[in-house]
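Welcome! Open the model in your viewer, keep the sequence panel beside it, and follow along one selection at a time.

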Amino acid sequence: MANPLTMGKLIVFLKVDLLFACCWPLRSTATRCAKIRNKIFRLLSVLHGMTMVVAIVYTIYVNRTNMFLIMKLCCELCTTTEVPLQVICYSLQYDRLQYVIYELEDYCKRAKPEEREVFHRYIYSCKSVYVGSVCAFTVTGLLLIISPLVEPHPFPVDIEYPFYVDYQPVKTIIYLHHILLLYQSYTQVCSNIFVALLLWFVSARCDILSDRFRAVTKFEELHACVTEHQELLNMNDVNTRIMLSRSRQPMSVKSTFLIFFISSLAKVYLCAWPADHLLSASTNIAHAAYESMWYNGEANLQKNFLHILLRSQHPIAVNVPCMLPTVSLNYYTSYISTAFSYLATFRVLLENEGN
């Protein structure tokens, strides 16, 4: 019988797979040398991404009369810009991420059998979607890497340089530069799974906390539950900060837009699904508190339960006031509607360009 997938194995896999995403912080006990190496690696990752951004902007300027090529390059520019921007974002939230990851790993190590069972239930209910997404992103990256074999451009990303590149070893160096950039883009897309892991972790702890509220009979037990509820609210604040990301053309051309379109939809869904589940899981805490034996307790205990009931009426939501509405499946449907509106606009522009 195959070994079951556990939180420990999942954490190890994400640490390795998302190395170039620079989203997984070092331990607080890391040596000074390790911290310096980590900062240099982040800086080089940003500079490498910015090099490609400059090259794409230059190509857009040179071909500014070609509407179709500009639209195609803009899609590539958006994806490429994510590389340095997300590395910078994770760097700005480094201390908060370090706290959350420590809580995640420490809690998983100390988890009781019934708590591990909750984690396993979440893992097995979600793994098919996320494993399928990682496989799809991997295949897409590989197809882009070998695309020069079947398409007229010499490099995976169809850009121009202000110097001659059709000789060795420059051509090989630039090709390797494109491969590394595509891998960085792949890891940044997959880093949404990292954010989703944090959201699912908070949801799982909400379920565990709900079970504890149902079993509360003493004031000390209630105090411990209230403290854990506050920790979950603090962790969600960190998660919110992190979240701050038919034409007449040839099939090879249409596939470029299709890849970016599907990738954008997948990235949002990977986070919208757990965020939507977190809304209901956090609200269930109020139901669990009400279902406990609070009416058999003392007056002081009943007053504290009333406070919990009022506080849990407001679900744990992932949003940014005045910038990002509450992330949920309802938000995802509106996102899809907007995406298809843009897609229809692009189609009209391309057909007018063809005429």
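Select Ser-282 to begin: is this residue buried or exposed? In this predicted model, Ser-282 has a relative accessible area of 3%, so Ser-282 counts as buried, the cut-off being under 20%. Colour the helix around it and you will see that Ser-282 belongs to α8, which covers residues 251-291.

Along the sequence, Ser-282 and Ile-316 are separated by 34 residues, yet in space their C-alpha atoms are 5.8 Å apart.

Next, zoom out to the whole chain. Of the 355 residues in the chain, 46% are buried.

For the next stop, select helix α4 (residues 94-110) together with helix α6 (residues 170-214). How do their axes cross? They come within 12 Å and cross at roughly 55°, which means that α4 is oblique to α6. The crossing of α4 past α6 is left-handed.

Finally, show the side chains where these two helices touch. On the α4 side, pick Leu-97, Val-100, Ile-101, Glu-103, Leu-104 and Tyr-107. Their partners in α6 are Phe-194, Leu-197, Leu-198, Phe-201, Arg-205, Ile-208 and Arg-212. Colour this α4–α6 contact by residue type, and you get 10 nonpolar residues, 3 charged ones and no polar ones.

Conventions
Residues numbered from 1 in each chain as written. Predicted model: local features only at pLDDT ≥ 70, side-chain atom pairs only at ≥ 80, totals over all residues. Heavy atoms only, no water. Axes fitted to C-alpha atoms, helices over the stretch in contact; angles between N-to-C directions. Helix = DSSP H or I, 4+ residues; strand = E, 2+ residues; numbered from the N terminus. Parallel < 35°, antiparallel > 145°, perpendicular 65-115°, else oblique. Left-handed = near helix turned anticlockwise from the far one by under 90°. Contact = heavy atoms within 4.5 Å. Nonpolar A, V, L, I, M, F, W, Y, C, P; charged D, E, K, R; others polar. Buried < 20%, exposed > 50% of the residue type's maximum accessible area, 1.4 Å probe, protein only.
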